[in-house]
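Please walk me through this structure. I would like to hear about a loop residue, a helix pair and the salt bridges.

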Amino acid sequence: MKKTNLLASLLPGLLSAVLLLAPFSLGAAEPLTIRFGVAQVGKGGVPFSSGGVAGLADQRKAIQQELEGSDVRVEWFYFKGAGPAVNEALANRQLDFAVQGDLPAVVAKAGGLDTRLITADNLLTSTYLVVPADSPARTLQDLKGKRVALFKGTNLHLAILRALRQQGLGERDFRTLNMDFATMAAALTSKDVDGAWFDARAFDLQASGVGRIL
């Protein structure tokens, strides 16, 4: 089977969040530090994962409790730049384990990053298209040729492309802008974009009157 066909067959079945293992040395005499990276960051600058077992493990300090009494330290790092930023940290050997979505994991592997999938965390995160609260848009078709922001290279990016394809549309049907979630929220508030793709943050924007879920 050709490599491109193999990737195409694997993509639909990949989980929306995965745990990756990067090689690290256990031979050091000094206390070992295990570094976990998470491809998201909580609201208000508070580092936490909004879903999945890994984020809950950090909040409850479950791994630290399991290793209590040993010379092993555990550190958690949260990345505003999501999956692409995690890939960069893995490539620079700044992490030992990482939690990220399917698309960045496949991109990393295809790019030669030596990672290994060891367990699944969660599946099927929902994605929402938000427009300014007073936008006249009612359908995806209404936004054709308009400025629509998305967080490229993330697992949501892959889901968005699939959703567009089901409607007979593609990324090039819009003036697509690459932004992280905080930048998208600000751009939506200032109406510098006509729409933006979000995860569950969409409900906060709708509740605050900034946006409307299309």
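The paragraphs below take these topics in turn.

This is a predicted model, in which local features need pLDDT of at least 70, side-chain atom pairs count only at pLDDT 80 or more, and totals for chains, interfaces and linings use all residues. Residues are numbered from 1 along each chain as its sequence is written, and side-chain values use heavy atoms, with hydrogens and water left out.

Start at Asp180. This residue sits in the loop between β8 (175–178) and α7 (181–189). Helices (H or I, at least four residues) and strands (E, at least two) are DSSP runs, numbered from the N terminus. Asp180 has a relative accessible area of 17%, so it is buried. The classes are buried under 20% relative accessible area, exposed over 50% and partly exposed in between, with a 1.4 Å probe and protein chains only.

The Asp180 side chain points to backbone nitrogens. It reaches that of Thr183 at 2.8 Å. Leaving aside neighbours within four places in sequence, Asp180 is in contact (heavy atoms within 4.5 Å) with Lys80 and Phe151.

Now the helix pair. The axes of α5 (residues 102–110) and α6 (residues 155–166) come within 5 Å and cross at roughly 110 degrees. Axes are lines fitted to C-alpha atoms, for helices over the stretch in contact, and angles run from 0 to 180 degrees between N-to-C directions. Therefore α5 is roughly perpendicular to α6. Angles of 65 to 115 degrees count as roughly perpendicular, under 35 as roughly parallel, over 145 as roughly antiparallel and the rest as oblique. Asp102, Leu103 and Pro104 of α5 meet Asn155, His157 and Leu158 of α6.

Salt bridges come last. The rule asks for a side-chain nitrogen of Lys or Arg within 4 Å of a carboxyl oxygen of Asp or Glu. By this rule there are six salt bridges. One of them joins Asp194 to Arg147, with the closest N and O atoms 3.2 Å apart. This pair links distant parts of the chain: Asp194 is in the loop between α7 and β9 (195–198), Arg147 is in strand β7 (residues 147–150), and they are 47 residues apart. Asp194 has 21% relative accessibility, so it counts as partly exposed. Arg147, at 26%, also counts as partly exposed.

Arg73 pairs with Glu75, the closest N and O atoms being 2.9 Å apart. Arg73 is partly exposed at 47%. Arg201 bridges to Asp199 at 2.4 Å between the closest N and O atoms. Asp199 counts as buried because its relative accessibility is 12%.

Conventions
Polar contact = N/O pair within 3.5 Å; in protein donor to acceptor, adjacent residues only side chain to side chain.
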